[in-house]
Amino acid sequence: MNKKQLIQSMASQLDIPQTQAKSQLEQILHVIHQGLSEGEKIYIPQFGTFELRFYLPKTGRNPQTGEAMEIAGFNQPSFKASPSLKQALNN
């Protein structure tokens, strides 16, 4: 399912226009993005948790020259499904 199909599904289930469903979805995504950029953990009951994971800097090698190079640390967004979501998907 892509974003357009998600908007269509939301609109039909909520019996609202697609433009309104799109703006609601955009607002939800904006709030999640903003929360993650501020370092917050976002917990949605019965669904899961969005959070940032920091990966430490490490030393790598250039495959062409074999020269050692430093790879900077970085934040990676992560999602962990709730147990109830996992159970619902496996039944």
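**A friendly tour around helix α1**

Visitor: What do we find among the cover of the buried residues of α1?
Guide: Keep in mind that this is a predicted model. What covers the buried residues of α1 includes a stretch at residues 18-37. That stretch is α2.

Visitor: Which residues of α1 are buried?
Guide: To count as buried, a residue needs a relative accessible area under 20%. In α1, the residues that are buried are Ile7, Met10 and Ala11.

Visitor: How many degrees of arc do these buried residues cover around the axis of α1?
Guide: Ile7, Met10 and Ala11 are the buried residues of α1. They lie on the same side of α1, because the arc they cover around the axis is only 95 degrees.

Visitor: Which exposed residues sit on the face of α1 turned away from its buried side?
Guide: A residue is exposed when its relative accessible area is over 50%. On the face turned away from the buried side, α1 carries the exposed residues Ser12 and Gln13.

Visitor: How far apart are the end C-alpha atoms of α1?
Guide: Helix α1 has twelve residues, 3-14. At 1.5 Å a residue, α1 should span 16 Å. The distance between its end C-alpha atoms agrees with that, at 16 Å.

Visitor: At the start of α1, which residue has the backbone nitrogen that a side-chain oxygen of Asn2 reaches?
Guide: Look at the start of α1, where Asn2 points a side-chain oxygen at a backbone nitrogen. The two atoms are within 3.2 Å, and the nitrogen belongs to Lys4.

Visitor: Is Asp15, with its positive phi, buried or exposed?
Guide: Asp15 follows α1 and has its place in the loop between α1 and α2. Its phi is near 55 degrees, a positive value in a residue other than glycine. The relative accessible area of Asp15 is 71%, so Asp15 is exposed.

Visitor: What is the phi of Gln46 near?
Guide: Gln46 is in the loop between β1 (42-44) and β2. Its relative accessible area is 59%, which means that Gln46 is exposed. The phi of Gln46 is positive, in a residue other than glycine, and lies near 65 degrees.

Visitor: How far apart in space are Leu52 and Gly39, C-alpha to C-alpha?
Guide: Leu52 is in strand β2 (residues 48-55), and its relative accessible area of 31% makes Leu52 partly exposed. Leaving aside neighbours within four places in sequence, Leu52 is in contact with residues including Leu36, Gly39 and Pro77. Leu52 and Gly39 are 13 residues apart in sequence, while their C-alpha to C-alpha distance in space is 6.7 Å.

Methods: Residues are numbered from 1 along each chain as its sequence is written. This is a predicted model: local features need pLDDT of at least 70, side-chain atom pairs count only at pLDDT 80 or more; totals for chains, interfaces and linings use all residues. Side-chain values use heavy atoms; hydrogens and water are left out. Helices (H or I, at least four residues) and strands (E, at least two) are DSSP runs, numbered from the N terminus. The expected span of a helix is 1.5 Å times one less than its number of residues. Buried means under 20% relative accessible area, exposed over 50%, partly exposed in between (1.4 Å probe, protein chains only). The arc is that of the directions from the helix axis to the C-beta atoms. Contact means heavy atoms within 4.5 Å. A polar contact is a pair of N or O atoms within 3.5 Å; within protein, one must be able to donate a hydrogen and the other to accept it, and residues adjacent in sequence count only if both atoms are side-chain atoms.
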